[in-house]
Amino acid sequence: MIQFERFVLQNGLRVLVHTDVSTPMAVVNVLYDVGARDENPKQTGFAHLFEHLMFGGSVNIPDYDEPLQMAGGENNAYTTNDLTNYYIQLPADNLETAFWLESDRMLSLAFNEKSLATQRKVVCEEFKENYLNKPYGDVWHTMRQLAYQVHPYQWMTIGKELAHIEQAQLQQVKDFFFKHYTPCNAILVVAGNVHAGKVVALAEKWFGDIPSGTKYNRQLPQEPPQTKARQKEMKAAVPLDLLCKTWHMAGRLGEDYHATDLLTDILGGNNSSRLYQQLVKEQKLFVHLDCYHFGSSDPGLLTIEGKLVEGISMEKAEQALQIEIDKICKEGPSEQELQKVK
């Protein structure tokens, strides 16, 4: 169990500190409780677009990367359907640089038509390259819309439609920022060769005066129970046929979440997993097969997908897969399988 200390500033910013004196480095992580599920269905892709905009400089720091690199640091970020996360790694002696950078863009991110146009173009090219023009790139756009009828997990973080990004306006972007990028909607995590007292002092110095903002009250439509199978056959110029199946599963705080997590490892976590051994190695029906889930906060999807060996029919592959699914449902995992994945 990782040991940490927890503090909350008066403006609602939650601060977690983990001390590890075995390293000369420190990590500063700012997590915002906003993801693709929080978007307007007619303005999707904004959470991911905003991840890009956050590196466009703030009012007081025009170039985010230069001072960080001068301090020996590096950074990155990612967006999911549930959250947006920004992180910095740098020498612990230069810890305050990270606080300065992160607090300034939380308080005063630079908004202008030029930066929006630049990042909008970058994200649009990413959409085209990875989801429109890449083999299998549209599979998960289709699968999410099949699996979810009302919940916003029905679109990917890149967005439901390219047009939503192409048509993003500056005022819409500003509204999104001031709604979600506030201290009361963020968690600051600092770990490494740091001490709680210093971290709290720096947090108060750099973040304490930022207005709290209004806590976002998430009220998402709940997905109704699925009562019958849904399926769709897609035709495309791809190297091999792909089979992708999903089942609804509990969210991260659900009672069955951890059991399902273990099940995905047993079925398809690696080359020694049950599905790989039976369907790839023994029966030679698939060239690759995987079983996974997304770790979603709300009820998510357990997924099995694989590319078929050339010449193998979809019906034969799906039938063999169903036999393995029925077998583990009836018999459960072996003790050896269970111990291996724990």
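Colleague: Which residues does H164 touch, not counting residues up to four places away in sequence?

Modeller: A contact means heavy atoms within 4.5 Å. With residues up to four places away in sequence left out, H164 touches P41, K42, Q43, T44 and F46. This is a predicted model, in which local features need pLDDT of at least 70 and side-chain atom pairs count only at pLDDT 80 or more, while totals for chains, interfaces and linings use all residues. Residues are numbered from 1 along each chain as its sequence is written, and side-chain values use heavy atoms, with hydrogens and water left out.

Colleague: Is H164 buried or exposed?

Modeller: Buried means under 20% relative accessible area, exposed over 50%, and partly exposed in between, with a 1.4 Å probe and protein chains only. H164 has a relative accessible area of 11% and is therefore buried. H164 lies in helix α6, residues 162-166. Helices (H or I, at least four residues) and strands (E, at least two) are DSSP runs, numbered from the N terminus.

Colleague: What is the order of the 6 strands in the open sheet?

Modeller: Strands of a sheet pair through backbone hydrogen bonds, either parallel or antiparallel. Two strands count as paired if DSSP finds at least two bridges between them. Here the order is β1-β2-β6-β3-β5-β4, and the pairing is mixed. β1 (5-8) and β4 (74-79) are the edge strands, each pairing on one side only.

Colleague: In which sense do β3 and β6 pair?

Modeller: They pair in the antiparallel sense, over 7 bridges, and L31 has I187 in β6 as its bridge partner. β2 (residues 14-19) instead runs parallel to β6, joined by 6 bridges, and H18 stands opposite A191. β4 and β5 (residues 84-91) are antiparallel over 6 bridges, with Y78 opposite N85.

Colleague: Which residues form the covered face of β6?

Modeller: The covered face holds A186, L188, V190 and G192, whereas I187, V189 and A191 form the uncovered one. Helix α3 (residues 95-108) packs on the sheet, touching β3 (25-32), β5 and β6 (186-192).

Colleague: How many of the 14 residues of α3 are buried?

Modeller: The count is 11, and α3 is thus mostly covered.

Colleague: How is the packing of α3 with helix α8 described?

Modeller: Two packed helices are described by the angle between their axes and the distance between the axes. Axes are lines fitted to C-alpha atoms, for helices over the stretch in contact, and angles run from 0 to 180 degrees between N-to-C directions. α3 and α8 (residues 196-207) pack at an angle of about 35°, with their axes 9 Å apart. L95, F99, W100 and M106 are among the α3 residues that meet α8, whose contacting residues include V199, L202, W206 and F207.

Colleague: Over what distance should the 14 residues of α3 span?

Modeller: The expected span of a helix is 1.5 Å times one less than its number of residues. For α3 this gives 20 Å, and the end C-alpha atoms are 20 Å apart, which agrees.

Colleague: How many helices and strands are in the chain?

Modeller: The chain has 12 helices and 9 strands. Of its 342 residues, 45% are buried, and the C-alpha trace spans about 65 × 45 × 35 Å along its principal axes.
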